[in-house]
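The sequence and coordinates come next.

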Amino acid sequence: MENRIAGMIIAKRKALGFTQQNIADKLGVSFQAVSKWEKGLTYPDVELLPALAHELGTTVDALLGYPADPLTVYEERYKSEEYYWGLKPNDLCYEIMRLRPPVRPYRVLEIGCGEGKDAVFLAKNGYMVTAFDAAQSGLDKAQSLADKSGVHIDLFKADIRDWRPEQQYDIIYSSGVFCYVEKALRKEFIDSLKEHTAAGGLNVVNVFVEKPFIAVPPDREKSESFKKGWLSGELFMYYHDWLFRKNDEIIFDCMSSGTPHQHCMDILIAEKKA
Ligand SMILES: C[S@@+](CC[C@H](N)C(=O)[O-])C[C@H]1O[C@@H](n2cnc3c(N)ncnc32)[C@H](O)[C@@H]1O
């Protein structure tokens, strides 16, 4: 039988910057034991698998080479004390401030807010923020960040695959999340966002896209939504009838799995006609 767990432990451990000794200390085993797992000479004890997966920020299924449910991965990932995505706001938040300075309390919806760094930043700057994510552990951290910052955010748990807006927003923002919207749902999903954006409002979105000359990243998720990745330019197409304030495509280096690779991302700021 192919030993998939060895490669997974190495990749996840290196991506998190842990040594074999770090992992050994966390699990109460010797570093030689970790070394043997990584060489494929032995397997971790079944009873250690949940703790090992937790320390490596993944799931037992993923460690064993089964496609991981991305929601479970984020739910686990956000349980640690530190902020997985850090606290520095995304550059797109500054672009929102440049294009729509908070001279009045613009209604912002953030889709897939993770641990809330961007939602809290925007709320601190005077926007009226509503935000959701599918990971409760992320929402809990977003709430505590909002409390510490003395701001209010309307936070709720929802899944983009079946949630649709019911009220109007001035700005709809989402970073690193549209990749979870399956191909068949994309047009209807984006149409509902466009419909619930006020006249003159903005949709500010980035999404990972496929490029023929960029290899599929080694840690790309194998879930349904990723089977048909976003094509280069696809996001722009859905907004063909809006005014483009920004439409960029960037390629950048990444080490997230321990193996150097590249990603391509489309970035769009589109304005609904007034
Ligand atoms: C790459 S993270 C980005 C988080 C945040 N936007 C940021 O930039 O820090 C992707 C986020 O999408 C959320 N997510 C994944 N699938 C989702 C779904 N089906 N519905 C809602 N949120 C989802 C995850 O929980 C995670 O917080």
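Lys 141 lies in helix 9, where helices (H or I, at least four residues) and strands (E, at least two) are DSSP runs numbered from the N terminus. The model is predicted, so local features need pLDDT of at least 70 and side-chain atom pairs count only at pLDDT 80 or more, while totals for chains, interfaces and linings use all residues. Residues are numbered from 1 along each chain as its sequence is written, and side-chain values use heavy atoms, with hydrogens and water left out.

Lys 141 counts as buried because its relative accessibility is 10%; buried means under 20% relative accessible area, exposed over 50%, and partly exposed in between, with a 1.4 Å probe and protein chains only. Its side chain reaches the backbone oxygen of Glu 82 at 2.7 Å. Setting aside neighbours within four places in sequence, Lys 141 is in contact with Tyr 78, Ser 80, Glu 81, Glu 82, Tyr 83, Tyr 84 and Glu 115 (contact means heavy atoms within 4.5 Å).

Helix 9 spans 136-149 and is part of what covers the buried residues of helix 6. In helix 6, residues 70-77, the buried residues include Pro 70, Val 73, Tyr 74, Glu 75 and Arg 77.

Of the 20 residues around the ligand, Tyr 78, Gly 112, Asp 133, Asp 159 and Ser 175 come nearest; a residue is near if one of its heavy atoms lies within 4 Å of the molecule or strand. This shell divides into eleven nonpolar, four polar and five charged residues. Here Ala, Val, Leu, Ile, Met, Phe, Trp, Tyr, Cys and Pro count as nonpolar, Asp, Glu, Lys and Arg as charged, and the others, Gly among them, as polar.

A backbone N or O atom of Gly 112 lies 2.7 Å from a ligand nitrogen atom. A polar backbone atom of Ser 175 is 2.9 Å from a nitrogen atom of the ligand. Taken alone the ligand exposes 590 Å², and the protein buries 94% of that (Shrake-Rupley method, 1.4 Å probe; for residues, only the protein chains shown count as cover).

On the scale of the chain, an automatic or database domain assignment gives domain 1 (4-66) and domain 2 (91-271). Their C-alpha centres lie 32 Å apart.

His 261 is found in strand 8, residues 261-271. With 10% relative accessibility, His 261 counts as buried. Its C-alpha atom is separated by 6.1 Å from that of Pro 217, 44 residues apart along the chain.

Notes
Polar contact = N/O pair within 3.5 Å; in protein donor to acceptor, adjacent residues only side chain to side chain.
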